[in-house]
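Subject: Handover of a structure and notes on it

Dear colleague,

Please find the structure below, together with its sequence. I would be grateful if you could read the notes after it with the model open.

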Amino acid sequence: MQSIQERITALKKKRNAIILAHFYQQDEVQEIADFVGDSLELSRIARDCGEQVIVLCGVWFMAGSAKLLSPQKTVLIPNKNAGCPMADMVTPEDVSALRQKHPNAAVVTYVNSSVEVKAISDICCTSSNALKVVASLPNDEIIFVPDKNLGDYVSRFTDKKLILHSGYCPTHQRIFTEHIDIARREHPGAKILVHPECTREIVDAADFVGSTSQIINYATQSDDTEFVIGTEQGILYPLKKKNPNKVFHMLSPHFVCPNMKKTTLEYVLHCLEEMETEIRIDDGLMQAASQSLYKMFAVK
Ligand code: SF4
């Protein structure tokens, strides 16, 4: 009898599909994927790959971005209930209200947002390129949605005035300086690497701040051999795979995004068997929302 992995591989071939997984996915999902990356990398692969079917193992907004960049392809999300609470914290009405209050400001929207919000934004950004995106704009005022922590981090590197929305990632928000104190005590020689979705206190207390890909690159290129990781626990899988001789600890055992863990191999198999759930975006929305992503890709 075939294993679930063998059944997924056979079906993937039959459907001419590619499986893309985010770094925060469960280990076995990352293992079956053709490519594992952060949101920016996944949307680029989705756009450039030759396969007609994209299985996006991540949360809803990631599959939405893949569809915006690959309108002719079939984009499937294995578990349709995998949402992102941060993305749900900002609505198009919130953005319109901020625009009315700050008519000279450009709207920079973190990709962790709905298609509807992207559609009324000037440009998108990720945690890897947020600084560059903000710097690329002529406006002196920037409305930054939805992540107040990433926005606050960006505001330290620019003279522009950032108007922050109140959104946040519940998984990164529940990390406190006590976790840093404990890590420094228990692992005195380790470097602490955190994501800019963490609060200012955590960012200030860390040794390095970067997106998931930047954290992986930093740990891989560093001469240090022990690290404490301040982002979602799924990142341990690529970190350990790339660095089998280095030691990694989590900053907190609670660094788990429940939505990222909703995708299982069973869901991936079902998704390929039934070709569901397919991401569908209406044409008008597609046009407007994809512009904000294309503008982001144009920033060098
Ligand atoms: S880790 Fe945070 S930002 Fe990422 S999907 Fe989960 S809730 Fe959303």
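Two conventions apply throughout. Residue numbers start from 1 along each chain, as its sequence is written. The model is predicted: local features need pLDDT of at least 70 and side-chain atom pairs count only at pLDDT 80 or more, while totals for chains, interfaces and linings use all residues.

Domains

The chain is assigned domain 1 (4-83 + 260-280), domain 2 (86-168) and domain 3 (171-250); such bounds come from an automatic or database domain assignment. The centres of domain 1 and domain 3, taken over C-alpha atoms, are separated by 27 Å. Between these two domains, eleven residues of domain 1 are in contact with eight residues of domain 3, where contact requires C-beta atoms, placed from the backbone, to lie within 7 Å. On the side of domain 1 that touches domain 3, helix H2 (27-32) and strand E2 (35-37) are the elements that give two or more residues. Helices (H or I, at least four residues) and strands (E, at least two) are DSSP runs, numbered from the N terminus. That side of domain 1 has four nonpolar, four polar and three charged residues. In this classification Ala, Val, Leu, Ile, Met, Phe, Trp, Tyr, Cys and Pro count as nonpolar, Asp, Glu, Lys and Arg as charged, and the others, Gly among them, as polar.

Ligand

The ligand is surrounded by 13 residues, of which the closest are Cys 84, Met 86, Cys 169, Thr 171 and Cys 257; a residue is near a molecule if its C-beta atom, placed from the backbone, lies within 6 Å of it. Helix H5 (85-88) and helix H10 (170-173) each supply at least two residues of this shell. By class, the shell has nine nonpolar, three polar and one charged residues.

Strand E3

Five of the five residues of strand E3 (residues 53-57) are buried, so E3 is largely enclosed by the rest of the structure. A residue is buried if 20 or more other C-beta atoms lie within 10 Å of its own, exposed if 12 or fewer, and partly exposed in between, with C-beta atoms placed from the backbone. Val 53, Val 55 and Cys 57 point one way from E3, and Ile 54 and Leu 56 the other way. E3 pairs in the parallel sense with strand E1 (residues 17-22) over five bridges and with strand E4 (residues 74-76) over three bridges; pairing requires at least two bridges found by DSSP. Ala 17 has Val 53 of E3 as its bridge partner, and Ile 54 has Val 75 of E4.

In helix H11 (residues 177-186), the buried residues are His 179, Ile 180 and Ala 183. They fall within an arc of 100° seen down the axis, so they line one face of H11; the arc is that of the directions from the helix axis to the C-beta atoms. These buried residues pack against E9, H12, E11 and strand E12 (247-250). The face of H11 turned away from them carries the exposed residues Thr 177, Glu 178, Asp 181 and Arg 185.

Helix H12 (residues 200-205) contains Glu 201, which counts as exposed with 12 C-beta neighbours inside 10 Å.

Helix H13 (residues 212-221) has Thr 212, Ile 215, Ile 216 and Ala 219 as its buried residues. Their arc around the axis is only 100°, which puts them on the same side of H13. Their cover includes strand E9 (191-194), strand E11 (226-230) and helix H14 (236-242).

With kind regards
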